[in-house]
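Here is a short briefing to read with the model open beside you. Take a look at the structure first, then work through the notes below.

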Amino acid sequence: MKKIGVVFWCSVALILLAVLSGVFFPQGFETATANIQEFLTTTFGWYYLLVVVCIVAFCVFLILSPIGAIRLGKPGDRPEYSNKSWFAMLFSAGMGIGLVFWGAAEPLSHFAISSPSGDTETQIALQQSLRYTFFHWGISAWAIYAVVALALAYFKFRKKAPGLISATLYPILGNRSSGTIGHIVDITAVFATVIGVATTLGLGAQQINGGLAYLFDIPINFTIQMIIIIIVTILFMISAASGLNKGIQILSNVNLYIAALLLVLTLFLGPTVKIFNEFTNAFGQYLQNFIQMSFRTEPGNPAGREWINSWTIFYWAWWMSWSPFVGFFIARISKGRTIREFLMGVIVLPTIVSTLWFAVFGGTAINIQRTSVPKLQELPTEQVLFGVLNELPLGFILSIIAIILIAVFFVTSADSATFVLGIQTTNGAMNPSFQIKLVWGILQAGIASTLLFSGGLQGLQNAAIIVAFPFSIVIILMMISLYISLSKERDRLGLFIRPKKSQRDNL
């Protein structure tokens with residue numbers, strides 16, 4: 001059987017096993033996966049923190065090194081997409097719907113419900129709420145995506161290897177990268193992608209439903225969420241049929257414009273001066289305390305350690321579980337860029353935009369929390385954003401814009417996921433057929449709908465987090481493999497900050 005068959009069918013079997021567990025044993029499945037997740041975060045929390053620190057350090061090294069001049073492709077290749085379209089697509093796939101879901105809710109939670117320092121609704125809690133939100137969605141998160149995407153893009157476009165994660169391990173594994181070990185790596189990547197995206201589709205349907213309920217008193221139930229998923233599925237399959245250069249690219253640019261509109265309107269209709277002051281202060285603290293936060297384990301503080309497990313380590317695992325999906329997509333659209341340009345574009349600019357987004361919506365939410373009744377913290381997470389917008393001038397219009405933004409991000413994420421799954425299950429083909437994308441699109445929608453109906457969505461999210469543990473080992477191997485290959489190319493091209501001794505002697 002060809003590799004495409006092994007990866008596809010084994011992935012489908014594993015996914016069906018997880019989904020059926022969530023459907024028929026939702027409580028047991030959720031409890032079991034939650035216990036495993038808790039064991040991993042409690043026992044290996046230090047490991048997750050160190051892995052992410054190594055990833056960030058590796059990216060910084062490549063940016064500063066002469067290796068950064070190497071191009072992802074042939075020497076004469078140039079980027080296929082403009083900087084604006086490239087950023088719009090990578091940002092929509094990487095964070096999109098998550099920023100809208102958590103933009104107001106996470107800073108509010110850190111301020112009013114569970115503060116990193118333990119004391120809520122204080123000035124210190126306010127500063128830490130934004131600082132830790134920036135930390136969770138900033139440099140570290142994008143570095144995880146960047147290193148996976150870089151390895152895929154380099155080996156595919158520079159070395160002409162198949163567009164598969166297993167192929168990036170060839171310098172370490174040799175021919176075994178296309179054997180059983182390679183199959184396991186690729187199956188793990190497909191499983192993580194499907195489970196992560198299906199979970200996001202379910203959460204997106206819940207938030208759209210929550211927004212409609214908040215604005216129009218539409219009931220929150222499975223029927224409404226199923227209708228939302230069906231509509232979104234039809235839209236993203238239409239987009240998928242039009243191909244990458246039309247569907248995803250156009251939708252991503254639309255996302256960027258709508259997001260910018262909502263951001264600017266909220267900024268100037270909200271407490272503008274406070275937002276700028278808190279953003280500047282929190283961003284400075286984020287940079288100042290980055291190393292301390294990256295190594296923080298709180299070994300002698302059970303409450304502090306529980307907070308780290310629930311937030312920081314959860315996020316590091318979540319980003320790792322999402323890295324195959326986002327990494328594949330970013331790699332696909334990044335041919336022709338230099339390594340330095342790629343890493344700066346994938347890490348620095350998204351971090352700035354993400355932190356500004358959280359400062360605007362999180363800062364506005366906290367300001368409302370301190371001055372208004374009823375309190376925002378009493379709202380379900382999916383309705384916090386709408387509760388914030390409702391307190392601003394033109395609140396109804398802002399909420400409508402937010403729902404449209406969520407829907408478009410929803411469509412873009414689903415479309416990107418079908419594209420990536422097509423690549424992963426067609427032996428790395430960069431332009432998978434519409435039929436393959438259709439199969440994965442229907443499977444994703446079906447999984448999300450089934451789990452919403454059974455109440456097994458949380459268990460599936462736990463499963464995605466669990467997958468991050470073995471995949472973190474794959475990421476480490478990808479970095480080692482990438483460095484081995486880049487070092488050989490550096491020596492061949494003579495890319496050194498200073499000439500070697502033998503070269504100096506000949507000058």
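Phe101 is buried, with a relative accessible area of 11% (buried means under 20%, exposed over 50%, and partly exposed in between, with a 1.4 Å probe and protein chains only). This is a predicted model, where local features need pLDDT of at least 70 and side-chain atom pairs count only at pLDDT 80 or more, while totals for chains, interfaces and linings use all residues. Residues are numbered from 1 along each chain as its sequence is written, and side-chain values use heavy atoms, leaving out hydrogens and water.

**More on Phe101**

- You will find Phe101 in helix H4 (residues 96-102); helices are DSSP runs of H or I with at least four residues, numbered from the N terminus.
- Beyond its neighbours within four places in sequence, Phe101 is in contact (heavy atoms within 4.5 Å) with Leu203, Gln207, Thr381 and Glu382.
- From Phe101 to Asn281 is 180 residues in sequence and 24 Å in space, C-alpha to C-alpha.

**Thr133**

- Helix H6 (residues 123-137) holds Thr133.
- Thr133 counts as buried because its relative accessibility is 0%.
- Setting aside neighbours within four places in sequence, Thr133 is in contact with Glu106, Pro107, His110 and Phe358.

**Ile234**

- Ile234 belongs to helix H10 (residues 222-242).
- With a relative accessible area of 49%, Ile234 is partly exposed.

Conventions:
Helices (H or I, at least four residues) and strands (E, at least two) are DSSP runs, numbered from the N terminus.
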